[in-house]
Amino acid sequence: MERVPILKIGDILLVSIQVDMSDQTAIALQEDLAERIVATGCHGVIIDITALDIVDSFVGRMLSTIASISRVLDAETVVVGMRPAVAITLVELGLSLNGIRTALNVERGMELIAANRDDQYDEHDEGLDPELTASP
């Protein structure tokens, strides 16, 4: 069985799907990714599907499941490299990919995750007592 590589870049895990996704490969990816999120403490997952020419409902559900698992483990998922034909197919299949943000490429995906993390920090900082956070 082929395994999908998971690379760590800063606090982001990069998953580049370069193989046909069988049921076994998808299940292994879900398990491997969940373990890597916990082991590394990463807060972002980028799934690069540039190499996928076509998708079916199985691949769409797999992406949604991975995003749900990641979210439960405090990591945001961004899918990058989606071809127009893939986007059209997903819409025609009625797959909404809840919880998944998209970007055109890996660089934009990383920027999206970074911007989201900055927004989260700003929201947390607003509720803090200024006297407790002031520098001496």
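**View 1. Ile 37 in helix H1.** Ile 37 lies in helix H1, residues 23-40; helices (H or I, at least four residues) and strands (E, at least two) are DSSP runs, numbered from the N terminus. The model is predicted, with local features needing pLDDT of at least 70 and side-chain atom pairs counted only at pLDDT 80 or more, while totals for chains, interfaces and linings use all residues. Residues are numbered from 1 along each chain as its sequence is written, and side-chain values use heavy atoms, with hydrogens and water left out. Ile 37 counts as buried because its relative accessibility is 2%; buried means under 20% relative accessible area, exposed over 50%, and partly exposed in between (1.4 Å probe, protein chains only). Leaving aside residues up to four places away in sequence, Ile 37 touches Leu 13, Cys 42, Val 45, Ser 70, Leu 73 and Ala 75, where contact means heavy atoms within 4.5 Å.

**View 2. Nonpolar cores.** A nonpolar core is a set of buried Ala, Val, Leu, Ile, Met, Phe, Trp, Tyr and Cys residues joined through side-chain atoms within 4.5 Å. The largest has 28 residues, and those with the most contacts inside it are Val 15, Ile 17, Met 21, Leu 29, Ile 47 and Met 62. Strand S2 (12-16), H1, strand S3 (44-48), helix H2 (57-72) and helix H3 (84-92) each give two or more residues to this core. H2 gives the most, with five residues. Beyond residues up to four places away in sequence, Leu 29 touches Val 4, Ile 6, Val 15, Ile 17, Met 21, Met 62 and Ile 66. A second, separate core of seven residues includes Ile 12, Ile 46, Val 78 and Ile 113.

**View 3. Strand S2 and its partners.** S2 is largely enclosed by the rest of the structure, because five of its five residues are buried. Ile 12, Leu 14 and Ser 16 point one way from S2, and Leu 13 and Val 15 point the other way. Strand S1 (residues 6-9) pairs with S2 in the antiparallel sense over four bridges; two strands pair if DSSP finds at least two bridges between them. Ile 6 stands opposite Val 15 in S2. The hairpin of S1 and S2 has two residues between the strands, and Gly 10 takes a positive phi near 65° there. S2 and S3 pair in the parallel sense over five bridges, with Leu 14 opposite Ile 46 in S3.
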